[in-house]
Each structure stands twice: as structure tokens, then as C-alpha cells.
Amino acid sequence: KMRRCIFTLLGHLDYIRTVEFHDEYPWILSSSDDQTLRIWNWQSRSCIAVLTGHNHYVMCAHFHPKEDLVVSASLDQTVRVWDTSGLRDKRTGGGGGGMGGPPSQASGDVFGTSDAVVKYVLEGHERGVNWAAFHPTLPLVISGADDRLIKLWRMNDSKAWEVDTLRGHFNNVSCVMFHPKKDLIISNSEDRTIRVWDATKRTCIHTFRRENDRFWIVTGNRNSNLLAVGHDAGMVVFKLDCERPMAMANGSSLYVVQDRDVQVVDVDKGSTGKQLAACRRASNSMTHGMKSLQFNTLNQTETNILVYYSQDDGCYDLFVGPGKVAGDAHLSPMQGSAKAVAFTARNRFAVLQHSGSIGIYNMQNELSKKIDNPPVAVDCIYPGGNNRLLLKSEEKIVMYDLTARKAIDDLAVPGGVRYVSWSPNGEYVAFM
């Protein structure tokens with residue numbers, strides 16, 4: 001399909017840095033090197049406000065997700081928050097073209113408008129400010145500048161003030177944003193890094209590095225965990241955390257982790273989940289730390305659940321309880337460290353230890369026997385049936401008999417294995 005320009009909005013006198021649609025009104029917000037912001041009505045195709053006050057390039061401007069506010073960042077070393085409620089009130093009151101009426105000129109003259117006024121001027125950066133953004137729900141603003149600093153600001157009805165400064169970048173901070181879902185701040189810089197900050201503790205918890213390319217822009221999808229960053233050579237789209245649900249079905253029961261709670265849901269009845277236990281807290285706000293949940297299908301009289309975590313070099317929680325749960329339960333975890341875990345019998349589970357050996361534990365989390373020299377160098381272990389274990393070694397899977405202590409079969413899986421799923425009758429297995 002042929003793509004063509006529908007219309008052109010003319011008015012800025014220099015390069016345009018950013019443009020953004022309003023979520024509700026038929027407005028477009030633009031920022032420019034002509035030291036102004038402009039609000040346009042894309043229905044009437046006219047400029048409805050010119051926001052003046054910055055005395056250097058305006059590097060970015062954004063609408064507030066819920067309130068009648070705009071934030072802008074400029075190389076004049078300031079961040080400005082603008083009140084656009086007057087513009088909205090005037091346009092919804094029937095005057096001009098702000099809400100889709102007939103075309104109109106911007107209120108006032110080319111030097112500004114009284115319909116959108118400065119509410120706060122945030123001063124504190126020592127060099128030009130490249131980016132500023134609102135928090136999606138809280139009265140907070142985040143900014144990044146050429147002084148290599150990120151500043152957090154708080155607002156109320158009468159004033160705005162600096163809360164904290166985040167230090168860590170070694171060159172100009174190009175862009176910074178609040179994560180739309182998590183309590184995180186994401187920033188990128190000309191120092192070739194993307195940094196993830198805990199918004200509560202205000203500490204850097206992770207750094208992504210690129211060898212040769214400077215980062216310039218970062219944005220997040222409001223409805224998913226996806227982030228996109230732009231650098232000198234292109235763009236990268238990535239997730240901070242795995243979104244694969246921690247769940248396993250056994251008959252009509254679905255065992256699943258919701259937030260931090262282990263729940264069981266009766267799929268046939270369509271009932272709400274009953275809480276069984278609580279998982280441990282993540283070590284930071286970026287990832288939940290949980291990698292897998294396993295239910296022991298070899299034990300039909302009890303509830304045996306293993307939750308494995310990637311934090312602390314690998315660890316697990318073992319939950320043991322009655323087979324039938326009438327209401328919410330709070331099973332206490334039995335914990336240990338491991339590279340991987342898997343159930344092997346009605347009352348046994350295997351632990352791949354960091355030394356490479358495999359320990360077999362009972363349901364009291366006590367070591368009952370140990371396999372010091374597995375037949376291959378084991379990367380991971382998976383359930384293999386009663387008294388059997390699947391051993392993963394790079395791109396090879398070995399079926400290991402724990403009673404005979406020997407390998408009984410093996411299979412090459414090009415590309416390796418991340419997940420293993422058995423059919424209900426145990427006759428078939430899928431490697432993913």
C-alpha cells in the first residue's frame with residue numbers, strides 16, 4: 001500500500017526534536033531548536049499554542065498521561081512543567097479548534113499564549129538537559145543531562161523540588177524514563193550503556209553495555225514488558241524479565257505463581273485460585289527471580305511443589321502439604337541452593353549442585369544419596385519419570401537411571417534445550 005503524507009504542520013523556525021500525540025485530545029506536541037514548544041490540533045491542522053520561556057534548544061516535550069500538564073527539557077539547564085488546563089477549558093468551551101472545531105490561530109501571538117503557562121521551573125542540572133519525563137501514576141519527574149546526572153523531582157499543587165540525584169553514567173545522559181510497569185528507572189547515555197535503577201532505593205541494579213555505539217533514545221511499551229533503545233547503528237528491542245508464567249498442570253488442577261503467591265486453580269470448575277504458599281522476594285525490582293515451578297506428578301497423595309530461583313547463584317523452595325486443599329494454606333518453604341532441581345520419585349527430588357554432582361533429597365529436604373560423577377558434564381536437570389532423570393549437557397540430553405546409576409539413552413538436540421514437557425501418560429516428551 002502506498003504511503004503518503006496527509007498534511008504538513010508549519011510553524012517551527014528550526015530543527016524539531018520530538019513530537020508526541022495526546023492520549024485523549026486531537027493534539028500533537030512538538031519541541032524545537034527554535035526554543036519553543038508548540039501544541040497542534042491535527043483535526044483542524046492548526047497550531048493552538050506556542051509555549052515560550054526556554055532560552056536554548058528544547059530537546060524534548062511530553063504530555064502527562066492523566067493530567068493537563070506538559071514537561072519539557074532544554075539545553076538552558078532547566079526542566080519546565082507547563083499547565084495546559086486553560087487551553088483545554090477554552091477549547092472545550094467552544095472557542096477555536098483545540099478539540100476539533102474550525103481552524104484557529106494560536107491564542108495570543110507568536111511570542112506565547114496565556115492558555116498554557118509555566119507551572120514550575122526545575123533548576124539543578126549544571127549542563128544542558130536532554131530529557132525529562134513524567135511518572136505514569138505518581139507526581140514525579142525524571143530528567144537526564146549533559147552533566148552525566150539523572151535527577152528525580154517531586155511535585156504538588158504549589159511547588160516542585162529535587163528529591164535525589166542518580167550518579168553512574170560517564171558521559172552525557174541522552175534519555176531517561178520510568179518503567180511503565182515496574183518500580184524502575186531506565187536511562188541510556190553516550191557512554192555506550194543502558195542502566196537500570198531501582199526507583200525506590202535509587203541505586204543502579206544492572207548495566208547493559210555496547211562496544212562501539214552510543215545510545216540516544218529509550219521508550220517502553222505501556223502494555224507489555226518490551227523496551228526499545230536507539231543507538232548509532234540501529235535499534236534494539238528487549239525485555240528486562242521473562243514473562244513466561246510459572247505454572248504447571250496436573251489433571252484439572254493448575255499450579256501457578258500469581259505475583260509472589262503459589263496458587264492452585266480448579267480448571268474444570270473455573271474457580272478462583274486458592275493460595276498454597278508465598279515465594280521469596282526478588283533481590284531487586286528488575287526481575288522477579290523465579291525460573292520454574294514443578295509439581296510432583298509422581299505423588300498423588302500429597303502436594304509437593306518446587307520453585308526454582310535464579311537469584312543468589314541459584315536456589316529453590318520446597319513446599320510440602322496435604323493432597324487436597326479446602327481453603328487458603330500457608331505452607332512453609334524448605335530451602336536450598338542449586339543449579340537446577342527436579343522431582344524423581346514419590347518422595348524424592350534431585351538437586352544439581354554447583355560442584356557438578358547430583359544430590360537426591362527426601363521431602364524433609366535431607367540428602368539421602370549423592371552422585372559425584374554423572375556420565376556427562378551436566379548443565380541442567382529435568383524430570384525423567386520414576387527414578388529417572390534427564391541430564392542436559394550442551395546440545396545433548398541423557399536419560400539417567402538413578403537406581404542402576406547409568407545412562408540408558410541419549411539424544412542430540414541441536415540448539416540446546418530450555419524447557420521440557422512430558423505428556424500426561426509419560427510416553428512422550430517435548431524439548432523446547
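## Aromatic rings, charges and cores in a predicted model

**View 1. Aromatic pairs.** The structure holds seven aromatic pairs, a pair being rings of Phe, Tyr and Trp (its six-membered ring) whose centres lie within 6.5 Å; planes under 30 degrees apart count as stacked, over 60 as edge-to-face and the rest as tilted. Trp 27 and Phe 63 form a tilted pair, 6.4 Å centre to centre with 35° between the planes. Because Trp 27 belongs to strand 2 (residues 27-32) and Phe 63 to strand 5 (residues 58-63), this pair ties together parts that are 36 residues apart in sequence. Helices (H or I, at least four residues) and strands (E, at least two) are DSSP runs, numbered from the N terminus. This is a predicted model, in which local features need pLDDT of at least 70 and side-chain atom pairs count only at pLDDT 80 or more, while totals for chains, interfaces and linings use all residues. Residues are numbered from 1 along each chain as its sequence is written, and side-chain values use heavy atoms, with hydrogens and water left out.

**View 2. An aromatic cluster.** Tyr 316, Phe 343, Phe 349 and Tyr 361 form one aromatic cluster. Phe 343 is buried, with a relative accessible area of 3%, and Phe 349 is buried at 0%. Buried means under 20% relative accessible area, exposed over 50%, and partly exposed in between (1.4 Å probe, protein chains only).

**View 3. Charges over rings.** Lys 159 lies over the face of Trp 161, at 5.5 Å from the ring centre. Arg 280 lies over the face of Tyr 309, at 4.8 Å from the ring centre. A charge sits over a ring if NZ of Lys or CZ of Arg is within 6 Å of the ring centre and within 35 degrees of the ring normal.

**View 4. The largest nonpolar core.** This core has 41 residues, and those with the most contacts inside it are Val 141, Ile 142, Ile 185, Ile 186 and Leu 240. A nonpolar core is a set of buried Ala, Val, Leu, Ile, Met, Phe, Trp, Tyr and Cys residues joined through side-chain atoms within 4.5 Å. Contact means heavy atoms within 4.5 Å.

**View 5. Confidence.** The mean pLDDT (the predictor's confidence in each residue, from 0 to 100) of the protein chain is 89, and 93% of its residues reach 70 or more. Over residues 102-113 the pLDDT is below 50. Where pLDDT is low, the predicted coordinates should not be read in detail.
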